[in-house]
Amino acid sequence: MKIELVTQIKSDVHVEFMTKKDVAKHQFKKILNKANFEAAQDSVCFLYDQDLLLVGTEDQSPENIRTATASAIKTLKASNVKSASFNVEKECMKAIVEGLILGGYEFNRYKSEPKKTALKRVDLVCKDIKALMKDFEEAVIIAEATCFTRDIVNTIPEDIHPETLAELARNLAKENTLECTILGEKALKKEKCGAMLAVGRASRHESQLIHLAYKPKKKAKKVITLVGKGLTYDSGGLSLKPGTSMVTMKMDKAGACAVLGIIKAISELKLDVEVHAFVGAVENMIGGDAYKPDDVLVSRSGKTIEVRNTDAEGRLVLVDVLDYAQEKVKADYIFDFATLTGACMVALGQYTTGVMGNSHELKHKLYEAANNSGELIGTLPFNKHLKKQLKSEIADICNISNKPYGGAITAGLFLDNFIKEENKEKWLHFDIAGSAYTESPWDVHTYGGTGAGVRMMSEFIKSL
Ligand code: BES
Ligand code: ZN
Ligand code: ZN
């Protein structure tokens, strides 16, 4: 489906947004009444004879226009229409592009017969193409990077495992001229990544630490480090997940997929910032060689970790990657993305990303960026009492809390133990366990990966 900016309507069908109030004034109000169309948010009324698709919105806010557009594109794709058009202005450009690309997304890789759609072209009708081109192109880059992230999340663990994720990163580096360094297990041993290596030990796939770097042509305004949890499958390990909880755990690589999507977007937007994406790609499996509850691991930082649950594996991978990243790059900001805890969903619901860290100011900045981007985030506060719950009797720290409450925060506090003093205020942790994947549609998300993190972080980096 091609999306273009045009100055005149020349499509099969034109799409019109309308509010409840608009119904009473509409030229086809008799037909609308007959159809019982009240213009409720996201509802549609297809007037085939008039080549008109009407979509209800509560108001003209980007949030409502975005989901109304998603509703329109689904209706259009299910019809026999070949081309459609929307009126656009600067204020709604991003919302309409995202509604079209994110709302119209489908993942067909494993269907023997992909769904066919007649829709080939969507025209965005405006007065002045030149004036809107930059906004249009930016919105397309970010939305497509979000779909890129979704595609990887949705790919099954037989196709995306640590080695193939590294291959995918290598290809992204080639296409987008990024620097690329990949460490296999031999190099990881040299780097003393004892925590990360333990998690991947029972897998038939070799763990990989991926490092991509985007360096702008002009002097970089800021340096940003992104770290992603890339558990290509999380069976739980010997602390095995129950069968029903294991389903969907191909999505445990969503943090990694997000940071790859972000660096893709930033490099295509050609922003004057230096971005480093670090990914710990590991598969958490069972077997005779599996790491065990009761093991004590020596992490890259030298800190020892008592394992009491092998299903709290993401934090073990992350701390070695965070330690490596902090040594390799002196960054202004360090952000990690991880599907880290079920507890985050208990705390915030499944739509909201949990953000944690030591700087209220930075958390607030990211809250603003998320709001402007259409993503939802909520802060989960650290405190010294929860911190004590990670105490170990035999090692420096335990990989799980000794109490059943506040699990998202104690996971964040575990990571905080591996953030160097000089980086404490520069670092934020994003728990995307709920927001990264969905089994029922919401907002502009269809079944599967949502691409959580990509729009929010692109918005933040753009704002620097
Ligand atoms: N990958 C999971 C977290 C998760 C759960 C993500 C559900 C998405 C949906 C993580 O590795 C995990 O298993 N965490 C445990 C931690 C516990 C053992 C302290 C959890 O949340 O139960
Ligand atoms: Zn786990
Ligand atoms: Zn996990």
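Domain bounds, as used in these legends, come from an automatic or database domain assignment. The structure is a predicted model, in which local features need pLDDT of at least 70 and side-chain atom pairs count only at pLDDT 80 or more, whereas totals for chains, interfaces and linings use all residues. Residues are numbered from 1 along each chain as its sequence is written, chains are lettered from A and ligands numbered from 1 in the order in which they are written, and side-chain values use heavy atoms, with hydrogens and water left out.

**Figure 1. The two domains of the protein chain.** The assignment gives domain 1 (2-127) and domain 2 (142-463). Their C-alpha centres are 36 Å apart.

**Figure 2. The interface of domain 1 and domain 2.** Contact here means heavy atoms within 4.5 Å; 14 residues of domain 1 are in contact with 18 residues of domain 2. The size of an interface is often given as the accessible area lost when the parts come together. Buried area is the accessible area (1.4 Å probe) that two parts lose on being put together, summed over both. Between domain 1 and domain 2 it is about 1,500 Å², with carbon and sulfur atoms giving 58%.

**Figure 3. Salt bridges across the interface.** A salt bridge is a side-chain nitrogen of Lys or Arg within 4 Å of a carboxyl oxygen of Asp or Glu. Four salt bridges are found across the interface of domain 1 and domain 2. Arg 109 and Asp 159 form a salt bridge, with their closest N and O atoms 3.5 Å apart.

**Figure 4. The surroundings of ligand 1.** A residue is near a molecule if one of its heavy atoms lies within 4 Å of it. By this rule 17 residues surround ligand 1, the closest being Lys 241, Asp 252, Asp 311, Glu 313 and Gly 342. The side chain of Asp 252 has an N or O atom 2.8 Å from a nitrogen atom of ligand 1. An oxygen atom of ligand 1 is 2.9 Å from an N or O atom in the side chain of Asp 234, and for the side chain of Lys 229 the distance from an N or O atom to an oxygen atom of the ligand is 3.2 Å.

Figure 5. Helices (H or I, at least four residues) are DSSP runs, numbered from the N terminus. The side chains of Asp 22 and Lys 25 form a salt bridge, at 3.8 Å from N to O. These two residues are about one helical turn apart because they are separated by three residues in the numbering of helix 1 (residues 20-25).

Methods. A polar contact is a pair of N or O atoms within 3.5 Å; within protein, one must be able to donate a hydrogen and the other to accept it, and residues adjacent in sequence count only if both atoms are side-chain atoms.
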